[in-house]
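Please read this briefing alongside the sequence and the coordinates.

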Amino acid sequence: MCFAKGNAQNQIINEDHSQFDLMGMVSPTFQNQGTANVVIDGRKVAPGESMPYNVPGVVLQNKIGIYFEQDPTKTKILWVGFVKLTQ
């Protein structure tokens, strides 16, 4: 059995991204920690909900859209946790 080496990482997103880069990520999970709905790759994620972008055994290479609900009174906090492989 062969295991890959990687580092767990996380990132906070609080603005729209038309081309959020998933390059090198393994199984990222998005968690909406704000009060605004967020649309991730065409799927709405409500406050308090999570969305795994899980493709087991695949190192992602693509970009996706991330858009927050258009309401200036809402808090925009999207957390994404992922693994990046090391050499």
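This is a predicted model: local features need pLDDT of at least 70, side-chain atom pairs count only at pLDDT 80 or more; totals for chains, interfaces and linings use all residues.

Residues are numbered from 1 along each chain as its sequence is written, and side-chain values use heavy atoms, with hydrogens and water left out.

**Strand pairing**

- Strands are DSSP runs (E, at least two residues) numbered from the N terminus, and two of them pair if DSSP finds at least two bridges between them.
- Strand β3 (residues 25–32) runs antiparallel to strand β8 (residues 78–85), to which six bridges join it, and within this pairing Val-26 stands opposite Val-83 of β8.
- β3 is also joined by three bridges to strand β6 (residues 50–52), again in antiparallel fashion, with Pro-52 of β6 as the bridge partner of Thr-29.
- Four strands form an open sheet in the order β2-β7-β4-β5, with antiparallel pairing, and its edge strands, β2 (17–21) and β5 (43–45), each pair on one side only.
- Neighbouring strands of this sheet are turned by 30° against each other on average, direction ignored, where axes are lines fitted to C-alpha atoms.
- Between strand β4 (residues 38–40) and β5 there are three bridges, and Ile-40 stands opposite Arg-43 in β5.

**Aromatic pair**

- The structure holds one aromatic pair (ring centres within 6.5 Å): the rings of Phe-20 and Phe-30 have their centres 6.4 Å apart and their planes at 70°, so the pair is edge-to-face (over 60 degrees).
- Because Phe-20 lies in strand β2 and Phe-30 in strand β3, the pair ties together parts that are ten residues apart in sequence.
- Phe-20, at 5% relative accessibility, counts as buried (under 20% relative accessible area, with a 1.4 Å probe and protein chains only), and Phe-30 counts as buried at 0%.

**A loop residue**

- Asn-37, in the loop between β3 and β4, counts as buried because its relative accessibility is 18%.
- Not counting residues up to four places away in sequence, Asn-37 touches (heavy atoms within 4.5 Å) several residues, among them Asn-32, Lys-44, Pro-47 and Tyr-67.

How values were computed
Axes are lines fitted to C-alpha atoms, for helices over the stretch in contact, and angles run from 0 to 180 degrees between N-to-C directions. Buried means under 20% relative accessible area, exposed over 50%, partly exposed in between (1.4 Å probe, protein chains only). Rings of Phe, Tyr and Trp (its six-membered ring) pair if their centres lie within 6.5 Å; planes under 30 degrees apart count as stacked, over 60 as edge-to-face and the rest as tilted.
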